[in-house]
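Hi,

Here is the structure I said I would pass on. Have a look at it first, and then read my notes below.

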Amino acid sequence: MCSRMTIAMGVGSVEILLLRHGKTQGNLEQRYVGRTDEPLLPSAAAELAQSEYRDFCPDLVYTSPMLRCRQTAEILFPECVSGGSRLIVCGGLRETDFGVFEYKTYDELKENFIYQAWIDSGGTVAVPGGESGTDFRTRCRRAFLACLCQAQTSGVQKIVFVTHGGVIMSVMEEFARPRADFYSWQLPNGSAYLVRTGGSAAAVDLYVLS
C-alpha cells in the first residue's frame with residue numbers, strides 16, 4: 001500500500017474533480033441516505049446532462065459503488081464509462097452507514113436521545129448498527145489515497161471522484177489547504193470542488209481552483 005509520502009512524491013501536480021452525485025428522492029426529502037441504494041431523480045439526471053462538468057474530460061474516473069454515483073458518472077463522463085478501462089469502482093468511496101438512522105429525517109429522529117448524542121458529538125460517535133464518524137472519515141481518506149496511488153502508475157493528469165457529500169467533506173478536511181473543518185466543505189448535489197495537488201514530498205495537499 002502506498003503511503004501518504006510516496007503518493008505525494010509520485011503524483012506531482014494533478015487536477016482532481018471531487019463531485020457529489022446528483023439528487024435522489026431521499027436527498028429531496030432531507031433523509032440520511034447512506035447504504036440505501038436509490039437512483040437519481042429524473043430531474044437530477046436532466047440537470048446533470050446540461051452540467052458544465054461534462055467538459056472536464058478526465059483521464060480516469062473513480063466512483064462509489066452506489067447506484068446514484070454510477071448513474072452520475074454515466075451521464076457526465078460517458079466516454080469513460082463506455083470503454084470501462086477509465087472507470088474504476090472503489091468500495092471505500094461509499095457513503096457512511098447510518099445504521100438505525102438510515103433513511104430517516106431530522107424530524108423523525110429529533111426526540112431520540114441516541115440521535116441527540118450523535119448530533120452533540122459532531123457525528124463522530126458510532127451509530128447503532130452503523131459506522132462511527134471517526135471510522136468513516138478514516139476509511140474515506142485511505143480510499144482516496146489508495147486511488148491516487150493507483151493513478152500515479154498511469155501518469156494521469158486529470159481525475160474525477162464521483163462520490164458522496166460526506167466522503168468529499170472527509171477528504172477536504174484532511175487534505176485541503178488552507179484547512180477548514182469538516183462541515184465547511186458541504187456541497188449541494190451535483191456540485192464539485194476542482195482542486196490541484198501540491199505541497200511537499202511529505203504530504204498530499206489539495207488547493208481549491210474552483
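This is a predicted model: local features need pLDDT of at least 70, side-chain atom pairs count only at pLDDT 80 or more; totals for chains, interfaces and linings use all residues.

Glu174 has a relative accessibility of 23%, so it counts as partly exposed. Its salt-bridge partner is Arg141, with N and O 3.7 Å apart. Arg141 lies in helix 8 (residues 133–152) and Glu174 in helix 9 (residues 165–175), so this pair ties together parts that are 33 residues apart in sequence. Arg141 has a relative accessible area of 16%, so this residue is buried; the cut-off for buried is under 20%. The pair also belongs to a network: salt bridges with shared partners join Arg137, Arg141, Glu173 and Glu174.

How many salt bridges turn up in the whole structure? The search finds 10.

One is between Asp97 and Arg35, whose side chains meet at 2.5 Å, N to O. Asp97 sits in the loop between strand 3 (87–89) and helix 6 (106–109), while Arg35 sits in the loop between helix 2 (25–28) and helix 3 (42–49), so the bridge ties together parts that are 62 residues apart in sequence. Both partners are partly exposed: Asp97 has 22% relative accessibility, and Arg35 has a relative accessible area of 46%.

The other is between Arg31 and Glu29, where the closest N and O atoms are 2.6 Å apart. Arg31 is partly exposed at 22% relative accessibility, and Glu29 is partly exposed too, at 34%.

Now for the empty space. Rolling a probe the size of a water molecule over the atoms shows where such space is left. The largest pocket holds about 880 Å³. Which residues come closest to its centre? They are Tyr32, Glu95, Phe98, Met169 and Gln186, out of 34 residues that line the pocket. Helix 7 (113–120), helix 8 and helix 9 are the elements that each give two or more residues to this lining.

What is the lining of the largest pocket made of, by class? There are 13 nonpolar residues, 13 polar ones and eight charged ones.

Note on methods
Residues are numbered from 1 along each chain as its sequence is written. Side-chain values use heavy atoms; hydrogens and water are left out. A salt bridge is a side-chain nitrogen of Lys or Arg within 4 Å of a carboxyl oxygen of Asp or Glu. Buried means under 20% relative accessible area, exposed over 50%, partly exposed in between (1.4 Å probe, protein chains only). Helices (H or I, at least four residues) and strands (E, at least two) are DSSP runs, numbered from the N terminus. On a 1 Å grid over the protein atoms alone, a cavity is a set of points where a 1.4 Å probe fits but cannot get out, and a pocket is an open set with protein on both sides within 12 Å along at least five of seven lines; lining residues have an atom within 4 Å of a point. Grid points are joined across faces, edges and corners, and a volume is the space filled by probe spheres set on the points. Ala, Val, Leu, Ile, Met, Phe, Trp, Tyr, Cys and Pro count as nonpolar, Asp, Glu, Lys and Arg as charged, and the others, Gly among them, as polar.
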